[in-house]
Amino acid sequence: MPKVFRGIPVSEGIVASNVVKYSSPAVLLDSIAEADCRAGENEEQRLLNALETFKSYVRGVMEFVDESERELLQAYILMAEALVNECIEIIGSEKVCGELAIKRVYEKYSTMLKSAKSSLIAWREADLREIALSLIKSMISGDSSKVVAELRGKIVISEELTPMAFMELIRAGIRGLVTVRGGHTSHVAILARSHGIPYVVIPSLKIDEIPESARSVLDGFEGTFIVNPDIDVFARYQKKSSTVSRLMDKLRKNALGRARSLDNVEVDVLCNVGNLEEARSALSHGCDGIGLFRVEFLYASGIPPSEDTLFNVLTRVAQMYNEKPVIIRAPDLGADKPLPFLELKEENPALGLRGVRLLLEYREELLKPFLRAFLRALSHHSNLKLLIPMVTKLNEVYDFVSVLESAASESVGASVLSKLEIGVMIETPSAALIVDKLAEAPFVKFASLGTNDLVQYTLAVDRNNPRVSHLYNELEPSVLRLIKQTVDLASRKGLHLEVCGEMASKPMAIPVILSIGIRALSVSPRYVGVVKYIVNNISISRTSENLAFAPDMEDSSKVLEKVREIYREHGLIDLLELYE
Ligand code: PEP
Ligand code: MG
């Protein structure tokens, strides 16, 4: 029976092969017992030697990774040094062995990091664990690794890995990796990306339940791992895998430059990110700026973030992107993004107090501190822009602006408003139908089509309900008509439009969006290469001719048929093999 697991996609690529279980050094942590672990004569030196091994190893890796990954690795070294310093104090005072000192320090911080409940901090926990394991591994020689020949060409599954162990696996020729623990920013993740090894983290995976050598497929784009797939699924993924290998190089090359179509139309390819780590990694994926910075991660703990915390985060992301635009969305709280510190008991949250409605209701507690922080950051960094979530009425924009004006007078003064550019999220049919009116509100310079919600509200299909997910389709003519109408209304007012919903990351939807007249797409960082590759290899005027009637077609299957024709006509068959 096939078994499908979904996890966190960490490194792109597809592989169809057999699995091999790799016994993880994680057991080392548990097996270090208090009783028989006393400090020897040179305990401190053993620890310092392990630190040196770790540092020289990390520095070696730094030579062949991107600039942005290098910063992360530098942070690794700082973390390892801090950990070792604390261990040395423990060894001095308690005379325990180095391994136990590492375990104690790790456990102390791990508990704190885990209790923070933010995904960003959870990643830090994974990083810390990786460092602790690497240091312990350097102190204890010997490895439980498999014979190299057994690993070649396989998908390795493991509880977790140290970077050094992973390098051995890469040398042994593995083709894919699945771990139970780990994170997007971990050192292993960085290595996987720079070596082109597809990697997915699946916290729910029970390794004992996976038969040794089981045939399986791993999709590092989607984050899926299928064990014992049907023969035809396996064959399909084998084909996809060789298509991906051919394509990956082209995608990487395309990611770095600007996207320009065969008929010379430039398209901005921006990124959607949900925290600073992602923002940093998006830069290395080649994005032209941030089209959507979701700040909700700052609101995920028990209390709202302070104005200073907000200011620091916004300043850091603005600095990171230098001249490139960074669009910050005001917190989009409520409905599918619940607030731990506010209990909203609602019958129908998707139609309830969410987005700008909630911000205006809690203007003193939530909106003002956010806006003060934003304006303070804007006064130093003009590349920041502000986006209003879940707009349905013109009055909401006016109200929002009046809170902004009073936030400005309470913080940096009204002069900052001369730098202000506001965008409205078009996530409801209501906003789509009045986008020309929204364009007239003060400071409104652009609009961003949030198709994830727009499709949900247009088709009346819950975006998160698997029972109706087959009905959720961005290429339904009703959705396309609404988008087309939005583009027409916006262009009458000279309002700049971008698409930031997932639709912009879907290769089968991109020609449709471009043909409707959109010239800015904000996508998941891992799709930057493919989006630019598509734009660079099609003629937009030809595509627009072919798709001119898409909004008037019978249903989405007819639209898809046209998109296939376009890809065939432009010689992009490989994309069809991969994304259909
Ligand atoms: C959207 O609705 O398309 C969007 C980008 O916002 P979110 O997915 O955060 O609701
Ligand atoms: Mg939305």
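Begin with the shell around ligand 1, which by class has three nonpolar, four polar and seven charged residues. Here Ala, Val, Leu, Ile, Met, Phe, Trp, Tyr, Cys and Pro count as nonpolar, Asp, Glu, Lys and Arg as charged, and the others, Gly among them, as polar. The model is predicted: local features need pLDDT of at least 70, side-chain atom pairs count only at pLDDT 80 or more, and totals for chains, interfaces and linings use all residues. Residues are numbered from 1 along each chain as its sequence is written, chains are lettered from A and ligands numbered from 1 in the order in which they are written, and side-chain values use heavy atoms, with hydrogens and water left out.

**First stop: ligand 1**

Select the residues around ligand 1; there are 14, and Arg294, Lys337, Gly450, Asn452 and Arg463 come nearest. A residue is near a molecule or strand if one of its heavy atoms lies within 4 Å of it.

Next, display the polar contacts, that is, pairs of N or O atoms within 3.5 Å; within protein, one must be able to donate a hydrogen and the other to accept it, and residues adjacent in sequence count only if both atoms are side-chain atoms. The side chain of Arg294 places an N or O atom 2.9 Å from an oxygen atom of ligand 1. From Gly450 the contribution is a backbone N or O atom, 3.2 Å from an oxygen atom of the ligand. A polar side-chain atom of Arg463 lies 2.8 Å from an oxygen atom of ligand 1. Taken alone, ligand 1 exposes 290 Å², and the protein buries 99% of that. Such areas come from the Shrake-Rupley method with a 1.4 Å probe; for residues, only the protein chains shown count as cover.

Which elements each supply at least two residues of this shell? Colour β11 (290-294) and α17 (451-459) to see them. The most is given by α17, with three residues. Helices (H or I, at least four residues) and strands (E, at least two) are DSSP runs, numbered from the N terminus.

Remain with Arg463, which lies in the loop between α17 and α18. This residue is partly exposed, with a relative accessible area of 26%. Buried means under 20% relative accessible area, exposed over 50%, and partly exposed in between (1.4 Å probe, protein chains only). Leu262 is 201 residues away from Arg463 along the chain, and their C-alpha atoms are separated by 35 Å.

Ala460 is also in the loop between α17 and α18 (477-492). Its phi is positive, about 55 degrees, although Ala460 is not a glycine. Most residues other than glycine have a negative phi. Is Ala460 buried or exposed? With a relative accessible area of 69%, Ala460 is exposed.

For comparison, select Met390, in the loop between β13 (384-388) and α14 (394-410). Met390 is not a glycine either, yet has a positive phi of about 55 degrees. Met390 is buried, at a relative accessible area of 2%.

Move to helix α2 (residues 43-62), whose 20 residues reach 29 Å from the first C-alpha to the last, close to the 28 Å expected at 1.5 Å a residue. The expected span is 1.5 Å times one less than the number of residues. Highlight the buried residues of α2: Glu43, Leu47, Ala50, Leu51, Phe54, Lys55, Tyr57, Val58, Val61 and Met62. They lie on the same side of α2, because they cover an arc of only 165 degrees around the axis. The arc is that of the directions from the helix axis to the C-beta atoms.

Helix α8 (residues 187-194) is mostly covered, with seven of its eight residues buried. Among them are His187, Val188 and Arg193. Just after α8, Gly196 takes a positive phi of about 65 degrees.

**Final stop: single residues**

Select Lys21 in strand β3 (residues 14-21). Lys21 counts as buried, at 18% relative accessibility.

Conclude with Glu554, in the loop between α21 (540-547) and α22 (556-569). Glu554 is exposed, with a relative accessible area of 68%. Glu554 and Glu410 are 144 residues apart in sequence and 54 Å apart in space, C-alpha to C-alpha.
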